[in-house]
Protein chains: 2
Amino acid sequence: MAYQYGGTGNTSPPERDAKQRIIDAAIELYSDHGFNGVTIKDVAAGANVSAPLVIHHFGSKAGLRKICDKYAAQRVYESKARAIEMGKQFTPEQMLLHSAKNRPILRYLVQALIAGGEEVDALMDQLVDDAVQYTAEAIDQELIKPSPDERRRAVMLLLQGFGSMMLHRQMKRLLGSSPMTDPPAEWGPYLTTIFDIYTNGVFEPEAYRGLYEGLAAQEDS
Amino acid sequence: MAYQYGGTGNTSPPERDAKQRIIDAAIELYSDHGFNGVTIKDVAAGANVSAPLVIHHFGSKAGLRKICDKYAAQRVYESKARAIEMGKQFTPEQMLLHSAKNRPILRYLVQALIAGGEEVDALMDQLVDDAVQYTAEAIDQELIKPSPDERRRAVMLLLQGFGSMMLHRQMKRLLGSSPMTDPPAEWGPYLTTIFDIYTNGVFEPEAYRGLYEGLAAQEDS
DNA sequence: GACAGGACTGAACAGCTGTTCAGTCACCGA
DNA sequence: TCGGTGACTGAACAGCTGTTCAGTCCTGTC
């Protein structure tokens with residue numbers, strides 16, 4: 001079926017315009033197969049559009065990638081704003097949970113984080129800042145324990161969260177479900193395990209204190 | 001410089017044979033750029049060999065991948081055996097720490113886990129089994145706390161560990177160093193943060209108990 | 001000393017890659 | 001009515017992809 005020029009009162013509904021359809025198709029394909037695994041023609045086909053049009057709008061494949069990064073970042077900021085309006089559900093896990101709706105963006109983000117790039121680096125910085133702020137509020141509410149280094153802990157929690165999402169294929173295999181692919185009703189195995197780890201801890205209190213304090217002292221010097 | 005046929009008493013030292021050099025080059029390149037990011041000619045160049053020879057030995061690019069997976073898995077098993085001989089340093093983090101020497105293999109593994117495939121799935125199953133066993137011993141020694149579901153916790157700890165390693169670029173940016181790229185002497189920021197999270201926990205004991213018990217009850221029914 | 005077999009190569013190939021080009025169509029202001 | 005502008009296309013291109021082919025060289029066996 002050939003493309004319908006977006007005339008005034010044409011036959012079919014106007015839908016999103018081609019440029020947006022291309023971005024949507026690219027984000028969906030990228031998040032499934034990574035950047036190298038998707039060709040411009042794949043994207044074009046996904047958007048019901050010719051390959052040269054992708055170049056026409058975005059200049060090159062790299063250009064498309066850049067715009068997708070920006071678009072994803074903006075979606076994250078919007079989602080953050082909405083979360084702030086909604087209520088006071090903090091913690092990194094709740095952050096992910098809140099993202100259930102725009103899971104495609106999250107999946108894209110995870111791919112982008114591996115590939116790297118200025119846009120995602122800046123976004124990651126933002127996410128860390130936000131996490132630190134949310135954590136501080138949650139500490140005030142006695143939901144989260146204070147840490148000797150709030151920023152580092154926030155960084156590692158984010159990396160662990162995103163990282164485990166990256167391996168959602170394995171998670172699904174080993175846990176039976178994964179927040180990346182299944183509806184929230186089936187997140188039980190994941191959530192209970194996360195709660196276990198982050199509420200009860202893993203190491204016995206005294207087990208590694210010596211090692212820990214050694215490292216801390218070494219870093220202070 | 002052309003290839004020297006591996007004659008009897010030739011000029012240069014015999015080194016490893018071509019087949020092994022190809023595997024080594026492939027694993028190194030794959031772990032840096034992923035599977036799609038590396039061409040057969042890249043691998044051939046890295047092993048000082050012609051591209052058709054790679055095909056000759058491994059049949060196809062997919063064949064090479066498969067052999068690399070098997071090889072990496074074997075290296076992990078060897079490393080495990082050596083760890084068992086060495087001593088009693090358990091915990092997932094110590095497992096990674098022990099792998100400092102064969103970091104290339106670990107990096108390859110991380111790429112393979114994203115890409116998926118039978119070989120890595122089987123390896124991952126093995127790693128989970130091992131982690132469960134190690135954890136049980138560490139619980140006996142009062143180094144690690146028991147968990148309501150040892151296997152699930154082991155799975156999530158592995159996924160978090162591997163996952164955060166996948167994002168080593170971000171870790172390096174945000175923490176200043178990463179076990180994936182830096183020598184053990186600079187692992188301080190990573191290790192102290194991990195100890196903090198896994199020793200002290202993150203959530204306050206009562207904060208999410210209701211949610212947790214709700215999920216657990218739902219799963220039992 | 002003939003010969004099979006295997007490691008190894010350069011040259012060549014078909015197919016796919018991102019991109020360019022020339023041209024069509026619809027819209028819009030003069 | 002004209003001409004400019006921009007969305008959009010099929011055809012074509014150069015470059016790279018994995019792979020094939022024919023042939024060279026070495027090694028071991030009878």
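Predicted model: local features only at pLDDT ≥ 70, side-chain atom pairs only at ≥ 80, totals over all residues.
Visitor: How many charged residues are in the contact of α11(A) with α10(B)?

Guide: From α11(A), the contact takes in L211(A), Y212(A), L215(A), A216(A) and E219(A). They meet G188(B), P189(B), L191(B), T192(B), F195(B) and D196(B) in α10(B). By class, the contact of α11(A) with α10(B) has seven nonpolar residues, two polar ones and, as charged residues, two.

Visitor: Is the crossing of α7(A) and α9(B) left-handed or right-handed?

Guide: Helix α7 (residues 118–140) of chain A packs with helix α9 (residues 168–175) of chain B at an angle of about 60°, their axes 11 Å apart. That angle makes α7(A) oblique to α9(B). The crossing of α7(A) past α9(B) is right-handed.

Visitor: Which residues of α9(B) does α7(A) meet?

Guide: On the α7(A) side, the residues are D121(A), M124(A), D125(A) and V128(A). The contact of α7(A) with α9(B) divides into three nonpolar, one polar and four charged residues.

Visitor: How many disulfides does the structure hold over all chains?

Guide: A disulfide is a covalent bond between the sulfur atoms of two cysteines. The count here uses a cut-off of 2.5 Å between sulfur atoms. Over all chains, the number of disulfides is zero.

Visitor: Is C68(A) buried or exposed?

Guide: Its relative accessible area is 0%. Buried means under 20%, so C68(A) is buried.

Key. Residues numbered from 1 in each chain as written. Chains lettered and ligands numbered in written order. Heavy atoms only, no water. Contact = heavy atoms within 4.5 Å. Helix = DSSP H or I, 4+ residues; strand = E, 2+ residues; numbered from the N terminus. Nonpolar A, V, L, I, M, F, W, Y, C, P; charged D, E, K, R; others polar. Buried < 20%, exposed > 50% of the residue type's maximum accessible area, 1.4 Å probe, protein only. Axes fitted to C-alpha atoms, helices over the stretch in contact; angles between N-to-C directions. Parallel < 35°, antiparallel > 145°, perpendicular 65-115°, else oblique. Left-handed = near helix turned anticlockwise from the far one by under 90°.
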